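Open the model in your viewer and keep the selection tool to hand. The tour moves from one selection to the next.

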Amino acid sequence: MMDCMASCVPMAHLGHNSSSLRSHAPWCPACQQIQADWEKLGKLSETIGIRVGKVDVTREPGLSGRFFVTTLPTIYHAKDGVFRKYHGSRVLQDFQSFVTEKKWETLESISGWKSPSSFAMSGMAGLFRLSVWIRVIHSYLTETLGIPVWGSYIAFAMVTLLAGLILGLILVLIADCLCPTKSKYKSQVTGKNDTVFHSMVMCSDVCISNSAYNVQCFKVLHR
């Protein structure tokens, strides 16, 4: 039986054979009730042609977010990158028949953005890891450094505002470079028109002062 970790994302290790993954937590009574049967299923994995794994959501929040675990225990079946959620009885005989009789083929696959292999679920995994990281920092500030809880909240709020301001400034600079404002464009066009008009006035003055070049100047202005 494989213990899945964030560095061992199940999608890369499931292969072409059928695989089953169980999400659990040490404090979950229902998870403890099926622990023995799940261990037995792991011992039969080579016989029935399946890979059996488990993931502790308290240690791997990223995988918890990727599989969108909302209840425990949650069991997934996977084959060729297609995931299905198991809803049957949680005893060894049913686990075994689910694989050997290919009952998983009757279940609707998890497709679209809800699939654990989708880009959206990868982002969800990142958010779950970020939340745990924030909680660890909060515990360090309040328990180790002795900072009041409200002080920790203010620190996180200031960091969030600063990050938002920096990101907003970067986006504004990028937008200004890619799409200049209309006022700037109009000023550039007006400057060019003033130059052309000034040249025409100078040319007309020359034409008036020197009648010998009237015909030549007329041709230049009307080319």
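Helices here are DSSP runs of H or I with at least four residues, and strands are runs of E with at least two. The model is a predicted one.

Stop 1: How much of the chain over residues 153-178 is helix, and how much is strand? The stretch is 100% helix and 0% strand.

**Stop 2: the cavities.** Switch to the whole structure. A search finds two cavities of 30 Å³ or more.

**Stop 3: the lining.** Show side chains for Ser20, Trp38, Leu41, Ile50, Ile75, Tyr76, His77, Tyr86, Phe95, Phe98 and Val99, which line the largest cavity. Colour them by class. The lining has nine nonpolar residues, two polar ones and no charged ones.

**Stop 4: the elements behind the lining.** Which elements each supply at least two residues of this lining? Select helix H2 (35-43), strand S4 (74-79) and helix H5 (92-100).

**Stop 5: H2 against H5.** Two packed helices are described by the angle between their axes and the distance between the axes. The axes of H2 and H5 come within 9 Å. They cross at roughly 40°, so H2 and H5 are oblique to each other. Is the crossing of H2 and H5 left-handed or right-handed? The H2 and H5 crossing is right-handed.

Technical notes: Residues numbered from 1 in each chain as written. Predicted model: local features only at pLDDT ≥ 70, side-chain atom pairs only at ≥ 80, totals over all residues. Heavy atoms only, no water. 1 Å grid on protein atoms, 1.4 Å probe; cavity = no way out; pocket = protein on both sides within 12 Å on 5 of 7 lines; lining within 4 Å. Points joined across faces, edges and corners; volume = space filled by probe spheres on them. Nonpolar A, V, L, I, M, F, W, Y, C, P; charged D, E, K, R; others polar. Axes fitted to C-alpha atoms, helices over the stretch in contact; angles between N-to-C directions. Parallel < 35°, antiparallel > 145°, perpendicular 65-115°, else oblique. Left-handed = near helix turned anticlockwise from the far one by under 90°.
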